[in-house]
Amino acid sequence: MCGCTSRTWSRRGPFRRCGHATSDLVLAEEYPGNPGPRPAGLEQQDLLEDPLRLAVPEASGSRGRGPTAAPRALAGHPWVMEPEGTAARHWAVAVCRDAGFEPDVRFGTTDLLLHPRLVEQGHAAAFLPDLLRSAQPAAVPLRPLPRGRNTRRVFTVVRRGRGSHPAVVACRDALLRAVDRGAGRARDGTAR
C-alpha cells in the first residue's frame, strides 16, 4: 500500500526527511540563484523548468517596459508571497531588491491558488509559476522577468538506490504525465 502526504518544509527539510527514511519520495523546487543542498545519499530527477512571471494588478498603473521595469514600477504596491523561510520567498524578495526596492509583503501563504486571486482583486502583485496556469488561467497581465532569474526547477528526490522501486517509478511517471498535460494546457490557455 502506498500513501501520500503533503507538507511544506524549509529549504533543507525535504532532503532531511527523505534522507532519514521518513519519506519515500519528495517533490521539491529550486529557485534561480538559490540552489539547495545535494546530499550524497539522495537521487534527484528533474520534472520541469517552470517559467516565473510577474502578475500585475489591473489598477496598479504599472506601465513599465522591460523585465526589470515591471517589478520596479510596483515598488509601492502590496505583494503576496510565500511565507518567510521558503525558497520561493527568498527568491522573490531578491528579485525585488535587484529591481531597487524592498517589497511590502502584506500577504504570506503557500496556497498558490490564492496568489492570483489577490492580484485579480487588486490587493497585491505576485510572482506566479507557469505551471499554475495549467490549473487556472491567469485573468491578470503577466510580465516576463529578467533573464537568468525567471525559471524555477521542479524535481523529485529519493534515497539512493530507491529510484527503481515500482512505487517510486509509478509516482514519477504519473508526475511526468501530469506535467506534460499541464504544459499543453498552459500553452493553449485552457484549464481542466
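Reader: How much accessible surface does the protein have, and what share of it belongs to carbon and sulfur atoms?
Author: This is a predicted model, where local features need pLDDT of at least 70 and side-chain atom pairs count only at pLDDT 80 or more, while totals for chains, interfaces and linings use all residues. Residues are numbered from 1 along each chain as its sequence is written, and side-chain values use heavy atoms, with hydrogens and water left out. Accessible areas come from the Shrake-Rupley method with a 1.4 Å probe, and for residues only the protein chains shown count as cover. The surface comes to about 10,400 Å², and the carbon and sulfur share is 50%.

Reader: Which residue of β5 is the bridge partner of Arg 53?
Author: Two strands pair if DSSP finds at least two bridges between them. Strands β2 (residues 42–55) and β5 run antiparallel and are joined by four bridges. In β5, the partner of Arg 53 is Leu 128.

Reader: How far apart are the end C-alpha atoms of helix α3?
Author: Expected span is 1.5 Å times one less than the number of residues in the helix. Helix α3 (residues 87–98) has twelve residues, so it should span 16 Å. The model agrees, as the end C-alpha atoms are apart by 16 Å.

Reader: Which residue meets Arg 152 in a salt bridge?
Author: A salt bridge is a side-chain nitrogen of Lys or Arg within 4 Å of a carboxyl oxygen of Asp or Glu. Here the N to O distance is 2.8 Å. Arg 152 sits in strand β7 (residues 151–159) and its partner in strand β2, so the pair ties together parts 102 residues apart in sequence. The partner, buried at 1% relative accessibility, is Asp 50.

Reader: Is Glu 84 buried or exposed?
Author: Glu 84 and Arg 89 meet in a salt bridge (3.9 Å, N to O). Arg 89 has a relative accessible area of 12%, so Arg 89 is buried. Glu 84, at 68%, is exposed.

Terms used:
Helix = DSSP H or I, 4+ residues; strand = E, 2+ residues; numbered from the N terminus. Buried < 20%, exposed > 50% of the residue type's maximum accessible area, 1.4 Å probe, protein only.
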